[in-house]
Amino acid sequence: MLTDKAIAGLKAYIDRTIVYARYQINGTYYKAPISRREYLKDGRVAVYFSIIPQLGQDVTITEVQLFDTNNDLWAKKTEAIIIRGVQEGVLYRFAFDIREV
């Protein structure tokens, strides 16, 4: 069984390993810096980044990704987020739940 210290260590590893994000629009990937990290009250580790296309038209975000300190793909998720041309963007959150079951 993992100790509380081991679980805290895994959360800290996630926190310091993820360094940037990318999102896909119309087959093109755009890089985004991580804007915030936090430990949520329920114990999850959250990583936030902003998606601001600045394309002046309606777009659909079809994938989001996280990369680690080695520039390796660390996590990805298929999406269908529509951003209207008049919107500035969205704040996206990945939340990781680390626990032993």
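1. Which residues does Ile 61 touch, not counting residues up to four places away in sequence? They are Tyr 23, Gln 24, Ile 25, Ile 51, Glu 79, Ala 80, Ile 81, Ile 83 and Val 90, where a contact means heavy atoms within 4.5 Å.

2. On the basis of the coordinates: this is a predicted model, in which local features need pLDDT of at least 70 and side-chain atom pairs count only at pLDDT 80 or more, whereas totals for chains, interfaces and linings use all residues. Residues are numbered from 1 along each chain as its sequence is written, and side-chain values use heavy atoms, with hydrogens and water left out.

3. The C-alpha trace spans about 50 × 30 × 20 Å along its principal axes. Of the contacts in the chain with a separation of 6 or more, 56% are between residues 24 or more positions apart.

4. On the sheet: the six strands form an open sheet in the order β5-β4-β1-β2-β3-β6, with antiparallel pairing, and two strands are taken to pair if DSSP finds at least two bridges between them. Because β5 (73-83) and β6 (90-96) each have a single partner strand, they stand at the edges, and one side of each is left without a neighbour in the sheet. The twist averages 30° from one strand to the next, with axes fitted as lines to C-alpha atoms (for helices over the stretch in contact) and angles running from 0 to 180 degrees between N-to-C directions. Helix α1 (residues 4-17) packs on this sheet, touching β1, β2, β3, β4, β5 and β6, and its direction makes about 60° with that of β1.

5. Seven bridges join β1 in the antiparallel sense to β4 (residues 59-68), and here Ile 25 has Ile 61 of β4 as its bridge partner. With β2 (residues 28-39), β1 runs antiparallel over six bridges, and Tyr 20 has Pro 33 of β2 as its bridge partner. The hairpin of β1 and β2 has two residues between the strands, and in it Asn 26 takes a positive phi near 50°.

6. On β2 and β3: β2 also pairs in the antiparallel sense with β3 (residues 45-51), over five bridges, and the bridge partner of Ile 34 in β3 is Phe 49.

7. On the core: the largest nonpolar core has 21 residues, and those with the most contacts inside it are Phe 49, Ile 51, Ile 61, Val 64, Leu 66 and Phe 94. Such a core is a set of buried Ala, Val, Leu, Ile, Met, Phe, Trp, Tyr and Cys residues joined through side-chain atoms within 4.5 Å. The elements giving two or more residues to this core are β1, β2, β3, β4, β5 and β6. For the chain as a whole, buried residues make up 36% of the 101 residues.

8. On Ala 80: this residue of strand β5 counts as exposed, at 61% relative accessibility. Not counting residues up to four places away in sequence, Ala 80 touches Thr 60 and Ile 61. Ala 80 and Thr 60 are 20 residues apart in sequence, and their C-alpha atoms are 6.0 Å apart in space.

9. On charged pairs: a search of the whole structure finds six salt bridges, each defined as a side-chain nitrogen of Lys or Arg within 4 Å of a carboxyl oxygen of Asp or Glu. Among them, Arg 36 and Glu 38 meet at 3.2 Å, N to O, with Arg 36 partly exposed at 41% relative accessibility and Glu 38 partly exposed at 29%. Another joins Arg 44 to Asp 42 at 2.8 Å, N to O, and Arg 44 is partly exposed at 23%.

Methods:
Helices (H or I, at least four residues) and strands (E, at least two) are DSSP runs, numbered from the N terminus. Buried means under 20% relative accessible area, exposed over 50%, partly exposed in between (1.4 Å probe, protein chains only).
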